[in-house]
Structure formats: structure tokens, C-alpha cells
Amino acid sequence: AWSITTKCVNYTNHTVMPEALEKWPVRVLAKMLPRHMEIIEIINAGWTKFLEDKYSSMKAAERDALVDRMSIIQENPWVKDEMQVNMAYLAVVSSSAVNGVAYIHSEIVKADIFNDFYKLFPEKFQNKTNGVTPRRWLAFCNPGLSKLITDTLGSDNWITDTYELSKLAKYADDKAFHQKWRAVKQENKAKLAAVVKDIFGDDVPLNALFDIQIKRIHEYKRQYMNVLSVIWRYKQLK
């Protein structure tokens with residue numbers, strides 16, 4: 001089962017923020033999910049034995065410190081005598097590949113949070129750059145803009161080959177293209193204003209700048225700061 005798991009499972013790390021890299025108390029897991037905790041202990045026993053054999057030529061003190069550092073189960077530095085399961089380490093050990101979601105992020109993953117693991121398994125660490133999915137968030141959700149891009153480029157190949165969008169650069173100073181682009185944006189704003197009117201009964205001026213956030217709120221990310229700035233501007237207007 002372990003051989004199959006380590007060949008089939010990959011791990012995408014989405015953030016390097018400590019509060020998002022979960023560490024669960026062993027006592028909680030043992031109480032709520034005893035069989036899961038038992039399996040994690042078996043995995044960690046095999047993992048630490050592998051590390052001890054791998055680094056057997058190191059000085060004992062250095063080897064022990066490294067094994068402790070890379071162990072899936074670690075002591076909580078803030079709570080005396082409490083052991084934790086480092087879920088990110090469990091994911092790294094269990095996966096055939098590990099990646100960040102942007103080049104700079106993937107480099108931080110290798111150089112910082114999983115550096116010991118990267119040194120041991122450099123081939124396991126990759127990069128997969130996330131971004132807008134053209135099929136969903138442009139072609140499907142914004143048909144007006146999608147049509148303008150397709151009409152301008154002469155085909156809809158850009159939906160599956162985003163490098164095609166670079167051909168729009170030559171229209172950067174094209175006033176006719178600017179006018180069509182603004183018309184699409186204005187039409188979309190009118191559609192949203194109609195929804196706002198229908199749901200809340202408020203009239204939204206179409207010549208205003210719309211600051212829109214469609215995402216769950218993460219306290220440690222920029223959306224949270226954006227919400228605070230919206231509240232601040234609202235209070236200033238009042």
C-alpha cells in the first residue's frame with residue numbers, strides 16, 4: 001500500500017505561511033482518529049529509520065538533529081511535552097512529487113520550508129505555475145471579452161494556447177480596439193449593476209470604478225487587507 005501511495009500521490013504546497021502549514025497534536029489525532037494516528041506512527045518509524053541509515057556516516061549529534069528536524073512527528077516548541085504531526089512533512093514523504101504554484105514560490109519551498117527534503121530528494125521538487133484558467137474564467141465567464149479577443153486575433157486558439165494572447169500587444173495603441181474593450185467592460189458593469197439592483201435595490205453608477213473580490217477570505221492574504229481598505233473608504237465617504 002505504501003509503495004502504491006508514494007507512486008500515485010503528489011503534493012501541491014499552496015502557501016509558506018506557518019499558520020497554513022498545519023500541525024496536529026498527537027493526542028487529538030489519537031483520540032479522534034486512532035487508526036490514522038497508528039498508520040502515521042508506522043510511516044514515521046520507517047521514515048526516521050531510512051534517514052538514520054541514509055546519514056549513518058554523519059556524526060551522531062548532527063544525524064540525530066537532522067532526523068529530529070525531518071521527522072513527521074515532532075515536539076511542539078510552544079507546549080511542553082506535546083507532540084505534533086507535521087502534515088506538510090507527511091505530504092512530502094508520502095508523495096512522488098512536490099510543487100509550488102509559481103516559480104518564486106517553488107524556489108522558496110526548496111530553499112526554506114522543505115530544504116532538508118530537497119537536499120535529499122531534489123528530483124521530487126517541481127514547479128507548476130497556477131494562473132487564470134482561460135476556458136473557465138474568460139471564455140465561459142466573459143463571453144463579450146472572449147469574442148473581442150477571438151475577433152481581433154482571428155481564431156479562438158488562445159483558449160488552449162495562452163501565448164497567443166501576446167499578439168494583442170500590437171493593439172496596445174489601437175484606439176478602435178480600446179473603444180471595443182471599454183464597451184465590453186461597460187456592458188459587464190451594466191449586467192452587474194442590474195444584479196445589484198435586483199438583489200439589494202441599490203443603483204450603482206456605471207461610471208464608477210468597480211472594485212470586485214470573488215474569493216473566500218484568508219486572514220493572512222491580501223484579500224483581507226482589501227476588505228479592510230473597502231471598509232476604511234466607506235467610512236471616509238460617510
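Which residue of strand 4 does Lys-23 stand opposite? In this predicted model, where local features need pLDDT of at least 70, side-chain atom pairs count only at pLDDT 80 or more, and totals for chains, interfaces and linings use all residues, Lys-23 stands opposite Asn-86 in strand 4. Residues are numbered from 1 along each chain as its sequence is written, and side-chain values use heavy atoms, with hydrogens and water left out.

The secondary structure of the protein comprises 11 helices and six strands, where helices (H or I, at least four residues) and strands (E, at least two) are DSSP runs numbered from the N terminus. Strands are taken to pair if DSSP finds at least two bridges between them. Strand 2 (residues 23-25) is joined by three bridges to strand 4 (residues 83-86), and the two run antiparallel. Strand 4 also pairs with strand 3 (residues 73-75) in the antiparallel sense over three bridges, with Gln-74 standing opposite Gln-84.

Parallel pairing involves strand 5, which is joined by three bridges to strand 1 (residues 10-12) and by three bridges to strand 6 (residues 125-127). Asn-10 stands opposite Ala-97 in strand 5, whereas Asn-99 stands opposite Gln-126 in strand 6. Both faces of strand 5 (residues 97-100) are covered, with Ala-97 and Asn-99 buried on one side and Val-98 and Gly-100 buried on the other; for relative accessible area, buried means under 20%, exposed over 50% and partly exposed in between (1.4 Å probe, protein chains only).

The structure holds 11 aromatic pairs, counted for rings of Phe, Tyr and Trp (its six-membered ring) whose centres lie within 6.5 Å, with planes under 30 degrees apart classed as stacked, over 60 as edge-to-face and the rest as tilted. One of these pairs is the stacked arrangement of Trp-47 and Phe-117, at 5.9 Å centre to centre and 5° between the planes. Trp-47 lies in helix 3 (residues 34-54) and Phe-117 in helix 7 (residues 115-120), so the pair ties together parts that are 70 residues apart in sequence. Trp-47 is buried at a relative accessible area of 6%, and Phe-117 is buried at 2%. Phe-177 and Trp-181 form a tilted pair, at 5.6 Å centre to centre and 50° between the planes. These two residues are four apart in helix 10 (residues 175-200), and are therefore separated by about one helical turn. Phe-177 counts as buried at 10% relative accessibility, while Trp-181 is partly exposed at 32%.

Ring pairs also link Tyr-11, Trp-47, Phe-50, Tyr-89, Phe-114, Phe-117 and Phe-121 into a cluster. The charged end of Lys-124 sits over the ring of Phe-121, 4.9 Å from its centre, a charge being assigned to a ring if NZ of Lys or CZ of Arg is within 6 Å of the ring centre and within 35 degrees of the ring normal. Arg-136 lies over the face of Phe-140, at 5.0 Å from the ring centre.

At the level of the whole protein, the radius of gyration, taken over C-alpha atoms, is 25 Å, whereas a compact globule of 238 residues would have a value near 18 Å by the rule of 2.2 Å times the number of residues to the power 0.38. The C-alpha atoms fill a box of roughly 70 × 45 × 30 Å along the principal axes. Buried residues make up 30% of the 238 residues.
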